[in-house]
Amino acid sequence: MNRRQFLTAASMTLGVSTYARTVEATAHVHPPSASAPRLIPPPLPTREARPFVHPLRMPSATGLFADVNLREPLRLTAKSTRQQLFPGRSTDMLVYEADSAGQKLWNPILRVRQGTTLDVTLRNELGEDTTIHWHGLHVDERNDGGGMHPVHHMQQYVYRFKVNNRPGLYWYHPHPHDRTGAQVHQGMAGLLLVEGEEEDALRKTLGLVWGETELPLLIQDKQVDTLNKLKYSMGEDDWIGNRVMVNWTPEAVHDVATCLYRLRLLNGSNARVYRLAFLAGGKRLPFTLIGGDGGLLHHPQQVREAFLAPAQRLDILIDFEKLPLGSAVTLTSLAYDPMENDGAPPVDPAIEHPGAALMGEALDIMQFNVKRPICANRVLPKILSSPIKLPVAKNRIPRRFRVHMKGLTWLINGKNYHESMHDIEFMVKGGDAEVWEIRNDIRSMPHPMHIHGFHFRVLERRGSPRQIGQQALNVSGITPTDLAWQDTVLVWPGEVVKILVDFSPALPGKNIYMFHCHNLEHEDQGLMLNFRVDA
């Protein structure tokens, strides 16, 4: 039972508005399945401004967020551990753990060269099913890590495949049926960096050094209580948190020099959408968009803000050269209209997510302090990568998807995954390309729609809200971030997004993949379908 079902049932059954509001306000202290909701919640954290005081966790040889070059097979164990994430008590979290030369690595950054073979064995010690979904990678069904191939407790599974993707930032996370949101929120997520010749050339041209002037930034919000415990409740529409973490660092700060930096950003949050900008002295700084989910753009794009939905990546350059020493630059999420038009009864956010900024409220993420003198700057090339000719679609009429609600249930084309879990909704010929049209009902919420195994280009946006339409580059309505190859696209209520999906290169056999919302609570509630690609 989700939030709407519980609240609607409560109000209909009780029929007394005052009591209904009380139940509504306390519904998420315990899951709806509990014997009786508590009317007086326990002490909860309040929202407060915290200074940026914790040094940003950086890639290292050991520990949490360690950096690993995958030159040989790797063993990962899904398990629970305790980490010092916040001042005071340590925090229980779920992780992917590895051993390297006698050192423990948790949620390591995996670096692999394009064209090489990734060989990872997963052992599950969670006490429940899990997987590794290689988000954004072009793999066969067996290696995709979707819920169709769960790894049971105390069992292991070998993922082995050739990495054919373009160089870029990808990531890995669990994808078990009904438990994806819980496992990701409790800690299971890591970056995967595919490297290649174009990446090498750009680093050389710009004088970038990984871990120094090229920084990975994994952005996640977590709900944390006063005892430093990660709190999560099933059945939510979107789980947002009261602490923003970057590379597992709360209130992160990082010292930079007066030169050009490359930031590789991933929104690893369960549901929160960020409207990213850089503020210095109350003014927005320009930055340069150079890539997205599927690697580098052909041409750089200068922008002052960019939306980043769950699972999406941004590859950007920001120049601190003209800022005086001592300047502070805040990476922030500007206020925006969250367009939560799903019709759910309002619930006091202090009870649902105590201390959290509401979806769409302005929210500071981390701070950069300009403290070091100038370093050698380089000229950004006008061409970042070789042009990729768009494939020709095989379907004259777009394949259409409607994301909507019936009663209290999320649906795609009238179906919920829990009702049609084993159904194959449609089939595609491997090596082909298709135009898809994704329509989000006005009575809905923003949905970051993700396709397993393949990338696409956005061709058109129609009916976009003003906050998206004002970023449009042309009459087709596409924005600068739409110029990248993507695996996840944010579709707003009332919006229609047309994409061109590339199903090449063809993989042998018949492979089943998933198309779903990457708001992880929506995914777990069944906003998902299966499709098959035949060789």
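Predicted model: local features only at pLDDT ≥ 70, side-chain atom pairs only at ≥ 80, totals over all residues.
Colleague: Thanks! Which residues of helix H5 are buried?

Modeller: In H5 (residues 197-206), Glu-199, Leu-202, Arg-203 and Leu-206 are buried. Viewed down the axis of H5, the buried residues fall within an arc of 100 degrees, so they line one face of the helix; the arc is taken from the directions from the helix axis to the C-beta atoms. Glu-197 and Lys-204, on the other side of H5, are exposed. As for cut-offs, buried is under 20% relative accessible area, exposed is over 50%, and partly exposed is in between, with a 1.4 Å probe and protein chains only.

Colleague: And what do the buried residues of H5 pack against?

Modeller: Strands: S12 (190-195), S13 (214-222), S17 (260-267), S20 (287-292), S21 (295-303) and S23 (313-319). Contact here means heavy atoms within 4.5 Å.

Colleague: How many residues does the largest nonpolar core have?

Modeller: A nonpolar core is a set of buried Ala, Val, Leu, Ile, Met, Phe, Trp, Tyr and Cys residues joined through side-chain atoms within 4.5 Å. The largest one has 47 residues, and those with the most contacts inside it are Leu-263, Leu-265, Phe-278, Leu-331 and Phe-368. Strand S25 (residues 363-372) gives the largest share of this core, five residues. A second, separate core has 30 residues, including Ala-78, Leu-105, Val-139 and Val-194. Take Phe-278 as an example: setting aside neighbours within four places in sequence, its contacts include Leu-263, Ile-316, Leu-331 and Phe-368.

Colleague: Now the sheets. What is the strand order of the one that holds S29?

Modeller: Strands of a sheet pair through backbone hydrogen bonds, either parallel or antiparallel. DSSP must find at least two bridges between two strands for them to count as paired. This open sheet of five strands runs S27-S26-S29-S33-S31, with mixed pairing. Strand S27 (409-412) and strand S31 (455-462) are at the edges with a single partner strand each, so one side of each has no neighbour in the sheet. S29 (residues 433-440) and S33 (residues 496-502) pair in the antiparallel sense over seven bridges, and Glu-437 has Lys-498 in S33 as its bridge partner.

Colleague: What about the open sheet that includes S35?

Modeller: That open sheet also has mixed pairing, and its five strands are ordered S28-S35-S34-S30-S32. Its edge strands, S28 (427-429) and S32 (488-491), each pair on one side only. Strand S30 (residues 447-451) pairs with S32 in the antiparallel sense over four bridges, and His-450 stands opposite Thr-488 in S32.

Colleague: How many aromatic pairs are there?

Modeller: A pair of aromatic rings is described by the distance of the centres and the angle of the planes. Rings of Phe, Tyr and Trp (its six-membered ring) pair if their centres lie within 6.5 Å; planes under 30 degrees apart are stacked, over 60 edge-to-face, and the rest tilted. That rule gives 25 aromatic pairs. Trp-436 and Phe-515 form an edge-to-face pair, 5.3 Å centre to centre with 70 degrees between the planes. Trp-436 is in strand S29 and Phe-515 in strand S34 (residues 510-517), so this pair ties together parts that are 79 residues apart in sequence. Trp-436 and Phe-515 are both buried. Phe-503 and Phe-531 are also edge-to-face, at 6.2 Å and 75 degrees, and both are buried. One aromatic cluster includes Trp-436, Phe-503, Phe-515 and Phe-531 among its members.

Technical notes
Residues numbered from 1 in each chain as written. Heavy atoms only, no water. Helix = DSSP H or I, 4+ residues; strand = E, 2+ residues; numbered from the N terminus.
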